[in-house]
Protein chains: 2
Amino acid sequence: MKTIIKAYGAADAKADLKPMSIERRNCGDDDVKIDIMYCGVCHSDIHTVRNDWKGSKYPVVPGHEIVGKVVEVGKNVTKFRQGDLVGVGCMVDSCQHCASCEEGLEQYCENGMTGTYNSKDKHLGGHTLGGYSTSIVVNKEFVLSIPDTIDPKATAPLLCAGITTWSPLRHWNVKKGDKVGVIGLGGLGHMGVKFANALGAHVVMITTSPDKSKDAKALGAHEVLISKNMDEMRKHKNSFDFILNTIPVGHEMDPYIALLKRDATMVLVGAIEPLKPFHGGGLIGGRKRIAGSLIGGIKETQEMLDFCGKHNIVSDIELIDMSTINDAYERVIISDVKYRFVIDMATLKD
Amino acid sequence: MKTIIKAYGAADAKADLKPMSIERRNCGDDDVKIDIMYCGVCHSDIHTVRNDWKGSKYPVVPGHEIVGKVVEVGKNVTKFRQGDLVGVGCMVDSCQHCASCEEGLEQYCENGMTGTYNSKDKHLGGHTLGGYSTSIVVNKEFVLSIPDTIDPKATAPLLCAGITTWSPLRHWNVKKGDKVGVIGLGGLGHMGVKFANALGAHVVMITTSPDKSKDAKALGAHEVLISKNMDEMRKHKNSFDFILNTIPVGHEMDPYIALLKRDATMVLVGAIEPLKPFHGGGLIGGRKRIAGSLIGGIKETQEMLDFCGKHNIVSDIELIDMSTINDAYERVIISDVKYRFVIDMATLKD
């Protein structure tokens, strides 16, 4: 029923990550067993390891940007076969029958989706353990095909940072000629810039840091707006069709609301925490909107991967050894990464 | 060029309203001159009189829920004639050529609409003076027809409280069978309940006050949800298709965001001021939205009035004499009115 594999995890909220042995279920009839090649490092991994959002269950084995090779499939699996390059993102299960699941929006499953780590494990009991490990067994409905035209290691972050920015851009129908702002140039923001550019939008990177201008333009931004420069902010007032807000912490929203056109939307994808007070009049005066968006459904994740294959879009990454993960976390926290760490899981097998 | 008429206004932010003489332009080629019969009392009148939002210009003559009879029309006016029952709401002019104006959304005029009071007066200089007066001269494009099937005095509040609630209900396509929440039972809220009911929605009045239940149901609410009752609030979690939030001051939003279904919107129409911090996760977890909405355009105001004529919908009002306006203001502030004061302007002529 179970197999013992190697992983990296934290024993408690204050512990560094270190090697450990964990159990995986064996490959069931509806399952795909994947040998993990690469796993991206998401800020959520750190929040969960350190119990920032409360409710973490230990040991935490993080990792939900997983790319690997299929090594075994269950008898009901027809879509994948041994040797296929596949991915797993933030979810490994959902009820599959509620209205959200039926619409392909498993991330909003009304009965609660199963996160790739730190969710209730329906099979083994306990909680799910993520991708900082040598292998994983996942229900076939939550396995994605990775196009063979793009670099597998740089594809890993698409499974979370990618879909988190792709889904709102598509849902709010960003299209050729739209003026789109992306606030914040980190793991999420750099993907937002690439996608908005590829969708034909006029992309404006909105950042506090003038020194990010060159990089933003290299990634696909047509303009850079320094949010601390009140003159520049005034010039862009009421001009954006859509703003993707990737700031990961609570922040002032009024200056960004002022940038939106009438009827335009700013979507929050980063700040899963209390935001600062904003002025009701800012929304009322232009029928403006603030919304949130959580990762994306499996169907749209596959669409994104196919789009990336066609347009040669991947994440900008720094490949690291598993043993350097604790240093990498410190660098993520001070935003010292362009733009995503990806763990070479071969280094765990050694 | 000008005529002297009687009005009621405030000389400064601390003064009571009292009788004064003001100037009106004479009726121009594109104008309609209206003898005012009734004028509703809006909370904005008080905010402007008392300079709560800053920028008030004195004397303030408030009043933007105006119903009266046409007494003169300019030579370019074909739609109205002497004796017609007409209304004027919150706007008396706009640029008429920007994208918003061309879409019939003059309230969002990109060059700034002219408010019925306390806006720059393009004709006489100085600032506009509102409906607490015996007559008004208004550009024909900002004059509304009042159906002759409904009580004119109870129609006055439709011009602000009515359209402010009608416009978002229509814009967000509230329809038969939708579960619609209306937060707050005041001048705006009581119209929101009537309209949502008439549009076929299942209407839930959301209020802090259990003693408002009976009245809410009489107005058309199918259910009453007491927002202080955490058990009840939990039962209604993730169940609303739309929420109209009429709370006139900054307030906690998380409990109301929790009530929205996935992809559903809460529209703010009351609080033109800073709101309390809310939790980004509340929006992100269900792709939920917060929006604002400001009154409504002229075209949709006429549609609302026609709908009201057809469905016999008016505001619940208390008719007052002009001389009691200062007492009425005190009662508005403590919400001691069901649900709108309307001034009988004949009492100013005495």
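Reader: With 14 C-beta neighbours inside 10 Å, what does D30(A) count as?

Author: This is a predicted model, where local features need pLDDT of at least 70, side-chain atom pairs count only at pLDDT 80 or more, and totals for chains, interfaces and linings use all residues. Residues are numbered from 1 along each chain as its sequence is written, while chains are lettered from A and ligands numbered from 1 in the order in which they are written. A buried residue has 20 or more other C-beta atoms within 10 Å of its own, an exposed one 12 or fewer, and a partly exposed one falls in between, with C-beta atoms placed from the backbone. D30(A) has 14, so it goes down as partly exposed.

Reader: OK, and which residues is D30(A) in contact with, leaving aside its neighbours within four places in sequence?

Author: D30(A) sits in the loop between β2 (18-25) and β3 (31-40) of chain A; helices (H or I, at least four residues) and strands (E, at least two) are DSSP runs, numbered from the N terminus. Contact means that two C-beta atoms, placed from the backbone, lie within 7 Å. Once neighbours within four places in sequence are set aside, the list for D30(A) is G74(A), N76(A), V77(A), N139(A) and K140(A).

Reader: Which residues does L199(B) touch, not counting those up to four places away in sequence?

Author: You'll find L199(B) in the loop between α5 (187-198) and β11 (202-207) of chain B. With 19 C-beta neighbours inside 10 Å, L199(B) is partly exposed. Not counting residues up to four places away in sequence, L199(B) touches L169(B), V174(B) and K175(B).

Reader: How many residues of α4(A) are buried?

Author: The buried ones are A161(A), G162(A), I163(A), T164(A), T165(A), W166(A), S167(A), P168(A) and L169(A). Their cover includes α5 (187-198), β13 (240-245), β14, α10 and β17 (340-344) of chain A. So α4(A) is mostly covered, and of its eleven residues the buried ones number nine.

Reader: How are α4(A) and α10(A) oriented to each other?

Author: Two packed helices are described by the angle between their axes and the distance between the axes. Here, helix α4 (residues 161-171) and helix α10 (residues 298-311) of chain A have axes that come within 10 Å and cross at roughly 100°; axes are lines fitted to C-alpha atoms, for helices over the stretch in contact, and angles run from 0 to 180 degrees between N-to-C directions. Under 35 degrees counts as roughly parallel, over 145 as roughly antiparallel, 65 to 115 as roughly perpendicular, and the rest as oblique. That is why α4(A) and α10(A) are roughly perpendicular.

Reader: By class, what residues does the contact of α4(A) with α10(A) have?

Author: From α4(A) come G162(A), I163(A), W166(A), S167(A) and R170(A), and they meet E300(A), T301(A) and M304(A) in α10(A). Ala, Val, Leu, Ile, Met, Phe, Trp, Tyr, Cys and Pro count as nonpolar, Asp, Glu, Lys and Arg as charged, and the others, Gly among them, as polar. Sorted that way, the α4(A) and α10(A) contact has three nonpolar, three polar and two charged residues.

Reader: Which residue with a positive phi follows α4(B)?

Author: α4(B) is mostly covered, with nine of its eleven residues buried. Those buried residues pack against α5, β13 (240-245), β14 (260-268), α10 and β17 (340-344) of chain B. The residue that follows α4(B), with a positive phi near 60°, is N173(B).

Reader: Which residues touch the most other members of the largest nonpolar core?

Author: A nonpolar core is a set of buried Ala, Val, Leu, Ile, Met, Phe, Trp, Tyr and Cys residues joined through C-beta atoms within 7 Å. The largest one has 218 residues. Touching the most other members are M205(A), I343(A), V180(B), M205(B) and I343(B).

Reader: How do the residues of the side of chain A that touches chain B divide by class?

Author: The contact takes 28 residues from chain A and 28 from chain B. On chain A's side, β14 (260-268), α9 (280-284) and β15 (289-292) each supply at least two residues. The chain A side divides into 14 nonpolar, eight polar and six charged.

Reader: Which residue of chain A comes closest to the rotation axis?

Author: Chain A can be laid on chain B with an RMSD of 0.0 Å by a turn of 180° and a shift of 0.0 Å along the axis, superposing by least squares on the C-alpha atoms of residues with pLDDT of at least 70 in both copies. The two copies are thus related as by a two-fold rotation axis. The same surface serves both, as 100% of the contact residues of chain A recur in chain B. At 2.2 Å (C-alpha), the chain A residue that comes closest to the axis is P277(A).
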